[in-house]
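Here is a brief report on charged side chains and their surroundings. Begin with the structure itself.

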Amino acid sequence: MTGDGPLDPGVAAGDVDAADAEDGEGPPEIDEGRYLYCVVSVDEGSPVEAFEATGVSDEPVSVVTNGGIAAVVHSCEEVYDSADLGRVRRWLVRHQSVVDDAGEAFGTPIPFQFDTILRGDDEAVEEWLAAEGDRLRELLASLAGHWEYRVEVVERDPPSADRLEETDEELADLRERIDGSGEGTGFLVEKQYEKRVETLREHRRAELTADLADRLAEHTREVHELDRSPAADLAGGSGREREGETICRLTLLVAEEREEAVGAALDPVADREGIEVRFTGPWPPYTFVPELGGGEE
Amino acid sequence: MKPSKDEDALVDLLDVVLRDGAILRADVIVTVADVPLVGIKLSAAIAGMETMTEYGLFSEWDARRRAAAVDRRQYDDGEHGPLDVGDESENGE
């Protein structure tokens, strides 16, 4: 990793490492482009001129307005792609910081996916805003005053198989058969036993999750259940080793005035013995924005 | 309980930044679906997050947030979101 201090200006695509790309394809080329962070609502009082932020690779961020909405962009000539993980992480943090700042300055934004780049200059961005204006304004109006929150529930000490036997006859029965059988059949029964343990744990998680979703329903506009393990765990060696079993991960779309109510609804869950609740936000509504466009063809 | 918006929380969000967010399909857009390296290396990138602090990135992130809070007072009505970044920091320079 590069070690020359924090935030060395990332070099975009065309990296030395680019040749390592599995399919060997180079990134798309552009002469002039605008990296799009988010679209926001603006009026006379909005700090369009005053808004300042540092972009993904240290570029100055600007605001392009048209018809009561604005795109938060920076000027770029290449897509951002790198095999240097540290660099990708820095880009992602910057992207999120800019969208966050825009959200604070202008209200709930429509956040765009990392590396969304419009071909052309500011004028092209304006044209795009004009062409998509109706859809964008509608979406902004719908999201106004709403933010994304994330909830992760972890059970520090999930019940052991022995404890599950106490309440599940089938499992207790399998245990007896294992204890009373010879080596050959014992192996098969053990497999059945493991499967039963997994099923019971799954049921338990589903129950706890359903209970939580119930508690949150009246305070949220939308609740989505996410994969239990974040991408981090897939690659192994996640940065934060957490003990216990993840019961569920939820993402919520919440009106800002309901934040406290959501927190209060989580309290009784967090108070349970051995349960840890992580509640984060407010974030831009990344998971609650649709695919846009496609209507121009 | 109150929501937090600290480093751990941000780390969790980064895969969201990459995978979610509005996706734009328009003829003005540079196709990013095929950007090779970012996609391939993503899981690994997120996984190595513990090293972020080493880059000094998070202290920078915090510093920017505090600066933004100061700027905001100039044009904001004073109603801020509940940002949990802490008003004091042990900024070890």
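Helices are DSSP runs of H or I with at least four residues, numbered from the N terminus. The model discussed here is predicted.

A:D211 and A:R215 both sit in helix α5 of chain A. They are four residues apart, about one turn of the helix. A salt bridge joins A:D211 to A:R215, with the closest N and O atoms 3.0 Å apart. A:D211 is partly exposed, at 28% relative accessible area. A:R215 is also partly exposed, at 28%.

A:D211 has a salt bridge with A:R272 as well, again with 3.0 Å between the closest N and O atoms. This pair links distant parts of the chain, 61 residues apart. A:R272 lies in the loop between α7 (259-270) and β9 (275-283). Its relative accessibility of 29% makes A:R272 partly exposed.

A:E170 belongs to helix α4 (residues 169-180), and A:R196 to helix α5 (residues 183-217). A:E170 is partly exposed at 44%, whereas A:R196 is buried at 17%.

## A buried glutamate

Is A:E155 buried or exposed? A:E155 is buried, because its relative accessible area is 6%, under the 20% limit. A:E155 is part of strand β6 (residues 146-155). Its contacts beyond four places in sequence include A:R204, A:E243 and A:I275. The C-alpha atoms of A:E155 and A:T246 are 6.3 Å apart, though 91 residues separate them along the chain.

## A negative patch

A:D121, A:E123, A:E126 and A:E127 form a negative surface patch. A:D121 lies in the loop between β5 (117-119) and α2 (122-143). A:D121 is partly exposed, at 31% relative accessibility.

Note on methods. Residues are numbered from 1 along each chain as its sequence is written. Chains are lettered from A and ligands numbered from 1 in the order in which they are written. This is a predicted model: local features need pLDDT of at least 70, side-chain atom pairs count only at pLDDT 80 or more; totals for chains, interfaces and linings use all residues. Side-chain values use heavy atoms; hydrogens and water are left out. Patches are made of residues with over 30% relative accessible area and no salt bridge: like charges are joined within 9 Å, nonpolar side chains (Val, Leu, Ile, Met, Phe, Trp, Tyr) within 5 Å. Accessible areas come from the Shrake-Rupley method with a 1.4 Å probe; for residues, only the protein chains shown count as cover. A salt bridge is a side-chain nitrogen of Lys or Arg within 4 Å of a carboxyl oxygen of Asp or Glu. Lys and Arg count as positive and Asp and Glu as negative; His and the chain ends are not counted. The place of a charge is taken as NZ of Lys, CZ of Arg, CG of Asp or CD of Glu. Helices (H or I, at least four residues) and strands (E, at least two) are DSSP runs, numbered from the N terminus. Buried means under 20% relative accessible area, exposed over 50%, partly exposed in between (1.4 Å probe, protein chains only). Contact means heavy atoms within 4.5 Å.
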